[in-house]
Amino acid sequence: METPLSVQTAVFARACLFGGALGLFWDVLRGARRAFRLKKRGTAVLDGLFCLSAAAALLLFLLIGTDGALRSYLVLGIGLGFLLWRLTLSRGAARLSAALWGAAARGCRAAAAAAVWLFSFPRGT
């Protein structure tokens with residue numbers, strides 16, 4: 001049984017959006033890497049998180065969106081969506097993500113400093 005061209009086009013468009021979403025997720029994790037100044041292990045953990053979550057999302061996309069059928073145009077659509085994201089919106093999203101992660105990191109450091117300050121007072125008898 002063949003799939004109509006209109007259905008294939010719609011699935012290709014969803015694959016492009018999925019690739020763009022993967023690009024956005026990559027930029028969010030890239031902002032976290034920059035904000036927290038992660039070394040090799042932290043970068044490896046975030047890269048592993050990206051790979052595992054992207055694989056799980058791809059599996060769900062294939063199972064739900066295409067009834068489990070992997071077609072070559074889906075791989076091209078995902079790659080095209082990721083490439084278009086990287087060439088257009090990635091720079092701004094990465095800067096925004098780094099700024100938001102940086103604010104979160106500063107907030108965590110301030111909360112930790114406040115906790116240290118609060119518990120550093122001598123205890124009375």
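**Group meeting: salt bridges, core and helices**

The structure holds three salt bridges. Keep in mind that this is a predicted model.

Start with Asp27. Its salt bridge with Arg30 has its closest N and O atoms 3.3 Å apart. Asp27 and Arg30 are three residues apart in helix α1, so about one helical turn separates them. An α-helix has 3.6 residues a turn, so residues three or four places apart point the same way. Both Asp27 and Arg30 are buried.

Asp27 also forms a salt bridge with Arg86, and here the closest N and O atoms are 3.4 Å apart. This pair joins distant parts of the chain, with Asp27 in helix α1 and Arg86 in helix α3, 59 residues apart. Are the two partners buried or exposed? Asp27 has a relative accessible area of 0%, so it is buried. Arg86 has a relative accessible area of 33%, so it counts as partly exposed. Taken together, Asp27, Arg30 and Arg86 are linked in a network of salt bridges.

The remaining bridge to go through is between the side chains of Asp47 and Arg33, at 3.1 Å from N to O. It too links distant parts of the chain: Asp47 belongs to helix α2 and Arg33 to helix α1, 14 residues apart. Asp47 is partly exposed, with a relative accessible area of 26%. Arg33, at 16%, is buried, because the cut-off for buried is under 20%.

Now the core. The largest nonpolar core has 13 residues, and those with the most contacts inside it are Ala15, Phe18, Leu22, Phe61, Leu74 and Ile78. Which helices supply it? At least two residues each come from α1 (5-35), α2 (40-65) and α3 (72-88). The largest share, six residues, is from α1.

Take Phe61 as an example. What does Phe61 touch, leaving aside residues up to four places away in sequence? The list is Val11, Arg14, Ala15, Phe18, Thr66 and Leu74.

Phe61 brings us to helix α2. At 1.5 Å a residue, its 26 residues should span 38 Å; the end C-alpha atoms are 36 Å apart, so the two values agree. The buried residues in α2 are Leu46, Phe50, Ala54, Phe61 and Leu62. What covers them includes α1 and α3. Just after α2, Asp67 takes a positive phi of about 60°.

There is also a surface feature to point out. Leu59, Leu60, Leu63 and Ile64 form a nonpolar patch on the surface, and together they have about 420 Å² of accessible area. Leu63 lies in helix α2. With 48% relative accessibility, Leu63 counts as partly exposed, because exposed would need over 50%.

Last, helix α4, residues 90-118. At 1.5 Å a residue, its 29 residues should span 42 Å; its end C-alpha atoms are 41 Å apart, which agrees. Which residues of α4 are buried? They are Ser90, Ala93, Ala94, Ser97, Gly102 and Ala105. These buried residues pack against α1 and α3.

The buried residues of α4 pack against α1 and α3.

Definitions and conventions:
Residues are numbered from 1 along each chain as its sequence is written. This is a predicted model: local features need pLDDT of at least 70, side-chain atom pairs count only at pLDDT 80 or more; totals for chains, interfaces and linings use all residues. Side-chain values use heavy atoms; hydrogens and water are left out. A nonpolar core is a set of buried Ala, Val, Leu, Ile, Met, Phe, Trp, Tyr and Cys residues joined through side-chain atoms within 4.5 Å. Buried means under 20% relative accessible area, exposed over 50%, partly exposed in between (1.4 Å probe, protein chains only). Helices (H or I, at least four residues) and strands (E, at least two) are DSSP runs, numbered from the N terminus. Contact means heavy atoms within 4.5 Å. The expected span of a helix is 1.5 Å times one less than its number of residues. Patches are made of residues with over 30% relative accessible area and no salt bridge: like charges are joined within 9 Å, nonpolar side chains (Val, Leu, Ile, Met, Phe, Trp, Tyr) within 5 Å. Accessible areas come from the Shrake-Rupley method with a 1.4 Å probe; for residues, only the protein chains shown count as cover. A salt bridge is a side-chain nitrogen of Lys or Arg within 4 Å of a carboxyl oxygen of Asp or Glu.
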